[in-house]
Amino acid sequence: MSTKHTPGPWYAIGRMVEVGDDHADICTTNPDLFEQGHLAPPIKEQQANARLIAAAPDMLAMLQEVADYLDCYADVIDGDDGQPEANDAMRLLVAVTDVIAAAK
């Protein structure tokens with residue numbers, strides 16, 4: 001059973017990922033807050049990580065749209081050896097749905 005994530009949009013503010021004024025922050029990429037500053041990557045990298053995390057809801061929604069599109073074209077075809085095999089759309093659909101499942 002998957003838990004629903006906080007709906008987007010999410011925003012990267014420096015090293016923080018936030019939703020808006022009426023929600024708690026999603027997360028921080030600042031290891032100093034957890035007394036792990038000695039393990040910290042450069043601040044620019046921490047900010048880039050926050051931007052990547054903030055994009056997660058939009059990326060998940062887009063992957064779901066891609067899966068729906070690929071589903072229309074996914075099929076089993078005859079391979080070079082005459083045996084049935086997945087076409088490119090089906091192979092991509094499997095990969096995309098695996099990523100979606102991992103995110104959920």
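Author: Pro-9 sits in the segment before strand 1. Strands here are DSSP runs of E with at least two residues, and helices are runs of H or I with at least four, both numbered from the N terminus. The model is predicted, so local features need pLDDT of at least 70 and side-chain atom pairs count only at pLDDT 80 or more, while totals for chains, interfaces and linings use all residues. Residues are numbered from 1 along each chain as its sequence is written, and side-chain values use heavy atoms, with hydrogens and water left out.

The peptide bond that leads from Gly-8 into Pro-9 is cis, with omega near 5°. Thr-6 belongs to the segment before strand 1 as well. With a relative accessibility of 29%, Thr-6 is partly exposed; that class lies between buried (under 20% relative accessible area) and exposed (over 50%), using a 1.4 Å probe and protein chains only. Between Thr-6 and Phe-34 there are 28 residues in sequence and 23 Å in space, C-alpha to C-alpha.

Three strands make up an open, antiparallel sheet in the order 1-2-3. Two strands count as paired if DSSP finds at least two bridges between them; strand 1 and strand 2 (residues 16-18) run antiparallel and are joined by 3 bridges. In one of these pairings, Tyr-11 has Glu-18 of strand 2 as its bridge partner. In general, the strands of a sheet pair through backbone hydrogen bonds, either parallel or antiparallel.

The helices follow. Gln-46 lies in helix 1 (residues 43-54) and is buried, at 2% relative accessibility. Apart from its neighbours within four places in sequence, Gln-46 is in contact (heavy atoms within 4.5 Å) with Arg-15, Thr-29, Asn-30, Pro-31, Ala-40 and Pro-41.

Axes are lines fitted to C-alpha atoms, for helices over the stretch in contact, with angles from 0 to 180 degrees between N-to-C directions. The axes of helix 1 and helix 2 come within 5 Å and cross at roughly 40°. The two helices are therefore oblique to each other; angles under 35 degrees count as roughly parallel, over 145 as roughly antiparallel, 65 to 115 as roughly perpendicular, and the rest as oblique. Leu-52, Ile-53 and Ala-54 of helix 1 make the contact with Ala-56, Pro-57 and Met-59 of helix 2.

Helix 2 also meets helix 3 (residues 88-103), where the axes come within 9 Å and cross at roughly 150°. This makes the pair roughly antiparallel. Among the residues in this contact are Leu-60, Leu-63 and Tyr-73 of helix 2 and Leu-92, Val-96 and Ala-103 of helix 3. Ala-103 is exposed, at 54% relative accessibility. Ala-103 and Pro-57 are 46 residues apart in sequence but 9.7 Å apart in space, C-alpha to C-alpha.

Last, the rings. Tyr-69 and Tyr-73 both belong to helix 2 (residues 56-73), 4 residues apart, about one turn of the helix. Rings of Phe, Tyr and Trp (its six-membered ring) pair if their centres lie within 6.5 Å; planes under 30 degrees apart are stacked, over 60 edge-to-face, and the rest tilted. By this rule the count is 1 aromatic pair. Tyr-69 and Tyr-73 form a tilted pair, at 5.0 Å centre to centre with 50° between the planes. Tyr-69 is exposed, with a relative accessible area of 53%.
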